[in-house]
Amino acid sequence: MGSAAASPPPTAKLTQEELKRVAAHRAVELVESGMTLGLGTGSTAAHALDRLGDLLRTGALAGVAGVPTSLKTESHATRVGIPLLPLAGAARIHLSIDGADEVDPDLNLVKGRGGSLLREKMIEGAGERFVVIVDESKLVPRLGCTGAVPVEVVPFGAVHTLGLIRKVFDGLPGFSARLRTVPSKAAAAEEEAPFVTDNGNYIVEMFFDDGIRGDLRDISDRLLRITGVVEHGMFIGMATTVIVANKDGTVAVINKN
């Protein structure tokens, strides 16, 4: 990992939700008036949106605008009073703030278990700085250790594309992949339908018994060469800073070397 700075230890342990809030508020301290921000998606990023809204309402910040990474974030930001821009209307994104599902020792990430990975990667990749906010449970020795690594695919031929994704990891013990489904709204409650992203695509979930071993960039290239794959949830080399809220309430700020 990169260089780290930690806050002094507090006196009481915090809940996971409180830790998310602590990390989010620390990230918002980096925001200056006049900035255009990439606004992340998820429960941790939501705390950053609330804090930004508070600072704008009190006048502590001014002239801040955001580019939302999902329809959910767009709705939340509008509700708390953050002015919004489309990606094409943002001449410059100074700073993006978002959570992550996993962070490895090289600050590579798994993101997108909520389904917003494509817009997140587009917006956060366009910015000058990308600050990731997590609690310590998201730190992993390898990506893919704690759950699904998502891949966004076009609906046409999705089952065929799923088969091609499986071939990338053919023979790897403990690997599995499936289409993400949700309870169908149009049929009986016990039936499932494909999960649909904000972009109208489907999600393939990849699972690894012991995380992803091997060259992440090579694996990324192999996945992206599959016709039908739009993007995957490995964010390799993108984070510039990771802010980690620890169970004891301390905060570590880890900067990319």
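Over the ring of which phenylalanine does the charged end of arginine 180 sit? The legends below start with that contact. This is a predicted model, where local features need pLDDT of at least 70, side-chain atom pairs count only at pLDDT 80 or more, and totals for chains, interfaces and linings use all residues. Residues are numbered from 1 along each chain as its sequence is written, and side-chain values use heavy atoms, with hydrogens and water left out.

**View 1. Charges over rings.** The ring is that of phenylalanine 195, and the charged end of arginine 180 sits over it, 5.1 Å from its centre. Look next at phenylalanine 235: the charged end of lysine 111 sits over its ring, with 5.6 Å to the ring centre. A charge sits over a ring here if NZ of Lys or CZ of Arg is within 6 Å of the ring centre and within 35 degrees of the ring normal.

**View 2. An aromatic cluster.** Phe169, Phe175 and Phe208 form one aromatic cluster. The model has three aromatic pairs, a pair being rings of Phe, Tyr or Trp (its six-membered ring) with centres within 6.5 Å; planes under 30 degrees apart count as stacked, over 60 as edge-to-face and the rest as tilted. The rings of phenylalanine 175 and phenylalanine 208 have centres 5.2 Å apart and planes at 55 degrees, so this pair is tilted. It links distant parts of the chain, 33 residues apart: phenylalanine 175 is in the loop between α5 (158–168) and β9 (176–179), and phenylalanine 208 is in the loop between β12 (202–207) and α6 (216–224). Helices (H or I, at least four residues) and strands (E, at least two) are DSSP runs, numbered from the N terminus. Both phenylalanine 175 and phenylalanine 208 are buried, where buried means under 20% relative accessible area, exposed over 50% and partly exposed in between (1.4 Å probe, protein chains only).

**View 3. The largest pocket.** About 390 Å³ is the volume of the largest pocket. On a 1 Å grid over the protein atoms alone, a pocket is an open set of points with protein on both sides within 12 Å along at least five of seven lines, a cavity is a set where a 1.4 Å probe fits but cannot get out, and lining residues have an atom within 4 Å of a point. Grid points are joined across faces, edges and corners, and a volume is the space filled by probe spheres set on them. Of the 25 lining residues, Thr41, Gly42, Arg113, Gly114 and Glu120 lie nearest the pocket centre. α2 gives the most to this lining, with three residues. By class, the lining has six nonpolar, eleven polar and eight charged residues (Ala, Val, Leu, Ile, Met, Phe, Trp, Tyr, Cys and Pro count as nonpolar, Asp, Glu, Lys and Arg as charged, and the others, Gly among them, as polar).

**View 4. The cavity.** There is one cavity of 30 Å³ or more, and the volume of the largest cavity is about 50 Å³. Its lining includes Leu37, Gly38, Ala45 and Ile97. The elements giving two or more residues to this lining are β2 (36–39) and α2 (43–58); α2 gives the most, with four.

**View 5. A positive phi.** Leucine 107 has phi near 65 degrees, a positive value in a residue other than glycine. Leucine 107 lies in the loop between β5 (102–103) and β6 (109–110), and at 2% relative accessibility it counts as buried.
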